[in-house]
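Here is a short tour of a protein model, written to be read with the structure open beside you.

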Amino acid sequence: MTDETTRRGFLRAGLAGGAALAAAGTAAAAPDPLITEIQPWASEFGDPVDAAPYGLPSRHEAHVVRRNVEWLTESPVSSINFTPIHALEGTITPQGCAFERHHSGAIDLSKGDYRLMINGLVETPLVFTFEDLMRFPRAITTAFCECAANGGMEWGGAQLEGCQFTQGMIHNMEYTGVMLRDLLAEAGVQPEGKWIYVEGADASSNGRSIPLEKALDDVMVAFFANGEALRKEHGYPVRLVVPGWEGNMWIKWLRRIGVYDQAVESREETSKYTDLMKDGRARKWTWVMDAKSVITSPSPQAPIRHGAGPLVITGLAWSGRGRIARVDVSLDGGVNWQTARISGDAKSKALTRFHLDHVWDGSDMLIMSRAIDETGYVQPTKDQLRAIRGVNNVYHNNAIQTWWIKSDGEVENVEVA
């Protein structure tokens with residue numbers, strides 16, 4: 001398999017593809033009723049401006065939805081569904097498509113009933129209403145939120161058919177809120193305060209410890225995402241945003257921030273969300289999500305339908321340590337690599353979109369992507385991860401993902417370790 005994507009080569013092949021398209025157009029030169037006849041949408045009124053006051057996706061996109069894996073957990077109220085990343089473009093995830101993870105279901109909490117308490121090692125314990133929070137200086141940040149278990153079912157080998165199900169526990173939004181450091185400054189952290197413990201208002205009492213250094217850096221108390229109020233399933237009316245760190249620390253329905261001299265070491269940070277190593281021991285405090293990427297199209301839920309010719313290969317890359325510096329793509333199972341084009345801005349700790357313009361000759365391919373972030377970290381292979389962590393882990397699988405493109409355009413999840 002050779003690199004055919006030089007600009008001149010692509011244009012040459014594109015012209016050839018264009019000729020094929022022109023031939024197809026000639027073959028369809030017989031009257032096309034979609035062109036020659038007046039269609040219903042051109043002969044009658046459409047919906048009035050207020051038909052859907054909050055707006056809805058086109059009904060022709062009804063297949064683009066979050067989906068779960070029914071056998072994954074015992075109960076859907078303590079489960080997860082997956083972002084349809086194979087069907088989205090750009091980098092921002094619509095809230096309506098962004099994956100959900102609940103420990104005891106999404107609760108219905110109004111702004112009027114909302115309270116946020118700060119206590120512990122502070123000069124003045126405080127309680128904020130929602131309106132109180134809205135009076136603090138606003139900040140905006142774009143960040144990805146990734147479940148620590150994203151790709152967790154792939155440790156033992158290729159398992160699920162779908163980019164959505166293998167890598168879809170991730171979303172990327174533009175958040176608006178107040179910086180946590182401003183709220184902590186209002187309460188006054190005592191010198192002994194080294195950690196905060198954040199917990200939600202839902203029945204699970206999900207809580208996580210965060211070092212004070214991170215809390216004072218880029219953590220946000222957010223109430224808008226992508227320009228609209230948070231959706232119920234994403235923590236309405238207030239959630240925590242912890243850029244670059246695993247999703248279970250982004251506490252939804254945030255109700256309390258305690259300041260302590262040490263970590264609380266709750267259930268979710270000791271018996272859960274720790275990484276089982278090859279020797280049977282578990283490591284904890286693995287908060288940062290390392291650099292990773294995945295090709296979203298073509299992929300098992302986005303096969304190639306147009307046959308040989310120009311092909312757009314696209315995907316997403318991200319790193320919890322900063323910006324994505326480069327993404328490499330291989331078409332032959334990792335033997336040869338070529339650099340993909342970064343499309344748009346590569347923001348720190350946010351999803352980055354990449355594209356590779358290729359001319360497909362219709363033969364089988366093993367496609368994969370490899371992210372490199374600004375620290376020089378290179379996304380590892382599965383063998384490299386397993387050499388250290390074995391195969392019984394669940395969390396922090398950022399290994400390279402492989403899709404097998406077949407000659408008929410169908411795509412299968414496979415493993416080239």
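Let's start with a tryptophan: Trp285 is found in the loop between β14 (282–283) and β15. Strands here are DSSP runs of E with at least two residues, helices are runs of H or I with at least four, and both are numbered from the N terminus. Although Trp285 is not a glycine, its phi is positive, at about 60°. Its relative accessibility is 25%, so Trp285 counts as partly exposed; that class lies between buried, under 20% relative accessible area, and exposed, over 50%, using a 1.4 Å probe and protein chains only.

Glu265 is another residue other than glycine with a positive phi, near 60°. You will find Glu265 in the loop between β12 (254–260) and β13 (275–276). With a relative accessible area of 40%, Glu265 is partly exposed.

## About the model

Before going further, please keep in mind that this is a predicted model, in which local features need pLDDT of at least 70 and side-chain atom pairs count only at pLDDT 80 or more, while totals for chains, interfaces and linings use all residues. Residues are numbered from 1 along each chain as its sequence is written, and side-chain values use heavy atoms, leaving out hydrogens and water.

## The overall fold

The protein chain contains seven helices and 23 strands. Its C-alpha atoms fill a box of roughly 80 × 60 × 40 Å along the principal axes.

Of the 417 residues, 51% count as buried. Among contacts with a separation of 6 or more, 73% are between residues 24 or more positions apart, where contact means heavy atoms within 4.5 Å.

In soluble globular proteins, nonpolar side chains tend to be buried together. Here the largest nonpolar core has 60 residues, and Ile196 and Leu254 have the most contacts inside it. Such a core is a set of buried Ala, Val, Leu, Ile, Met, Phe, Trp, Tyr and Cys residues joined through side-chain atoms within 4.5 Å. Strand β9 (residues 220–225) gives the largest share of this core, five residues.

Which residues does Leu254 contact, leaving aside neighbours within four places in sequence? Among them are Tyr114, Leu116, Val198, Val221, Val238 and Leu240. A second, separate core of 28 residues includes Ile85, Cys163, Leu311 and Ile313.

## Cis prolines

Another joins Ser297 and Pro298, with omega about 0°. Pro298 sits in the loop between β15 (292–297) and β16 (309–318).

## A link across the sequence

Gln159 lies in the loop between β5 (139–146) and α4 (163–167). At 48% relative accessibility, Gln159 counts as partly exposed. Its C-alpha atom is separated by 8.3 Å from that of Val414, a residue 255 places away along the chain. Not counting residues up to four places away in sequence, Gln159 touches Met153, Glu154 and Asn413.
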